[in-house]
Amino acid sequence: MATGRYQKWLENDNLALLRGWKMNGLTDEQIAANIGVSPRTLERWKKSHSQICRALKKGKEEANYAVENALLKKALKGDNTAMIFWLKNNYPDKYSENVTDPELLKQQIRRVKAEADIADAKAKDINSDSNGQVIVNVTMPDPPPSTGGDDDAGD
């Protein structure tokens, strides 16, 4: 390998090319092949030349933002798969199907129990008559005790 081969990849045009390749989804192995070095050499360059590391990192971040935006747009338009994916990744404690994490499992069980308790409480306050009309039982708190002040005079 020629000494200083990395130097041309520190030039702005080539850093932009590295960023663009990463933004287009190329892996580090593919990028190494494009520039004619081994993946191990590219790893060394990333560690010793912050410009190369930043260019690749920035390209990956830009790709992730673009994909995230596209996914969000699909979810907001009602794409069920996109909505499920978004919720599972952004609210894993609520929507994850991963039951291998004991703490996550405890949280899910607590949530389900709380939701069941709420549903039971609502069911006790809602009945239906013989015509199928819903009757809601509302319990009003007792009025506060009278203070015996002038406010009650004349009633």
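Helix axes here are lines fitted to C-alpha atoms over the stretch in contact, and angles run from 0 to 180 degrees between N-to-C directions. Helices are DSSP runs of H or I with at least four residues, numbered from the N terminus.

A word on the model. It is predicted, so local features need pLDDT of at least 70, side-chain atom pairs count only at pLDDT 80 or more, and totals for chains, interfaces and linings use all residues. Residues are numbered from 1 along each chain as its sequence is written, and side-chain values use heavy atoms, with hydrogens and water left out.

Start with helix 3, residues 39-48, and helix 4, residues 50-76. Their axes are 5 Å apart, at an angle of about 105°. That makes the two roughly perpendicular, a label for 65 to 115 degrees. Who makes the contact (heavy atoms within 4.5 Å)? Helix 3 brings L42, W45, K46 and S48; helix 4 brings S50, I52, C53 and L56. Five of these residues are nonpolar, two polar and one charged.

Now K46, in helix 3. Is K46 buried or exposed? Buried, because its relative accessible area is 17%, and buried means under 20% with a 1.4 Å probe, protein chains only. Beyond its neighbours within four places in sequence, K46 touches D28, I52, C53 and L56.

D28 takes us to the other pair. In helix 2, residues 28-35, D28, I31, N34 and I35 meet L18, W21 and K22 of helix 1. That contact has four nonpolar residues, one polar and two charged. Helix 1 covers residues 12-23, and the pair packs at about 140°, axes 10 Å apart. The crossing is right-handed.

Terms used. A crossing is left-handed if the near helix is turned anticlockwise from the far one by less than a right angle, and right-handed if clockwise. Contact means heavy atoms within 4.5 Å. Ala, Val, Leu, Ile, Met, Phe, Trp, Tyr, Cys and Pro count as nonpolar, Asp, Glu, Lys and Arg as charged, and the others, Gly among them, as polar. Buried means under 20% relative accessible area, exposed over 50%, partly exposed in between (1.4 Å probe, protein chains only). Angles under 35 degrees count as roughly parallel, over 145 as roughly antiparallel, 65 to 115 as roughly perpendicular and the rest as oblique.
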